[in-house]
Amino acid sequence: MSLVVFESQKQIHCAACRRGPLRRLVRESGVPRCLDCADLGHLVYLPRGDAALTRRAREASSLHAVVVRRHKGRRRYERQGLLVEDAALARAERACLADADARARRRERDRLRRAAEDVRFAAAFAAEIRRLFPGCPAERAQAIAGHASVRGSGRVGRTAAGRALDEHAVSVAVRAAVRHTDTEYDALLMAGVPRFAARARLAARIDAILDGWRAEVS
């Protein structure tokens with residue numbers, strides 16, 4: 001288990017020493033305490049972002065704590081960084097500097113590999129669109145596949161179903177593309193029309209386009 005330190009977004013004071021407002025705090029039985037009173041004041045903060053440095057600093061530190069902050073919109077706590085011993089961080093930084101070139105080369109190899117995988121996947125996605133919608137122009141199929149399959153986008157092409165080229169997932173991507181490109185859906189949203197009302201208003205037109213694309217090309 002990891003010790004957890006919270007980044008405070010409120011005016012909170014330590015229940016023991018009354019110091020505050022606290023930027024970071026520990027909760028013991030629901031009671032807020034500053035890092036000094038929780039015996040964590042000697043640790044230094046390492047923000048997230050460098051996975052190798054974080055891993056090495058955590059492994060080298062006999063005491064460490066995860067720093068989290070509550071994201072109001074997502075209603076969950078998200079990791080912000082790590083508190084580690086100063087000496088452990090220094091050792092981790094030296095180790096990272098020593099193999100920086102090797103790690104850079106590995107990152108470049110991984111980047112090229114992912115890029116090649118993305119090209120192959122987008123081509124397969126476009127081919128599946130053309131199979132399901134043979135009337136869809138080839139350039140539109142490629143554009144839809146490229147948009148839906150962007151790595152890290154969270155779009156339907158990156159879901160498990162999308163990566164498996166599930167027919168429903170592919171159809172959802174095509175329908176979304178038609179909605180945004182071939183109708184005034186975006187304009188309706190900008191005019192304040194609720195999303196589901198706008199979709200209902202345009203459903204028949206979108207269905208007609210998709211039915212035309214489903215027809216075999218003569």
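I began with helix α3, where R103, F121, A122, F125, A126, E128, I129 and L132 are buried. Buried here means under 20% relative accessible area, exposed over 50%, and partly exposed in between (1.4 Å probe, protein chains only). Helices are DSSP runs (H or I, at least four residues), strands likewise (E, at least two), numbered from the N terminus.

This is a predicted model, in which local features need pLDDT of at least 70 and side-chain atom pairs count only at pLDDT 80 or more, while totals for chains, interfaces and linings use all residues. Residues are numbered from 1 along each chain as its sequence is written, and side-chain values use heavy atoms, with hydrogens and water left out.

**Helix α3.** I checked its span. α3 (residues 100-132) has 33 residues and reaches 47 Å from first C-alpha to last, close to the 48 Å expected at 1.5 Å a residue. The expected span is 1.5 Å times one less than the number of residues. I then looked up the partners of its buried residues. They pack against α1 (51-60), α2 (86-98), α4 (138-148), α5 (160-163), α6 and α8. Contact means heavy atoms within 4.5 Å.

**α6 on α8.** I took this helix pair next. The axes of α6 (residues 167-181) and α8 (residues 195-214) come within 10 Å and cross at roughly 115°. Axes are lines fitted to C-alpha atoms, for helices over the stretch in contact; angles run from 0 to 180 degrees between N-to-C directions. From α6, V174, R175, V178 and R179 meet residues of α8, including A203, I206, L210 and W213. The residues of this contact divide into seven nonpolar, no polar and four charged. I counted Ala, Val, Leu, Ile, Met, Phe, Trp, Tyr, Cys and Pro as nonpolar, Asp, Glu, Lys and Arg as charged, and the others, Gly among them, as polar.

**Cysteines.** I looked for disulfides, meaning pairs of cysteine sulfur atoms within 2.5 Å. The count comes to zero. C14 is buried at 0% relative accessible area; C17 is partly exposed at 34%.

**T54.** I found T54 in α1. T54 is buried, at 16%. Leaving out residues up to four places away in sequence, T54 touches L46, P47 and L82.

I noted a cis peptide bond between G20 and P21, with omega about -5°. P21 lies in the loop between β1 (3-7) and β2 (24-28). D39, not a glycine, has a positive phi of about 65°. D39 is exposed, at 58%.
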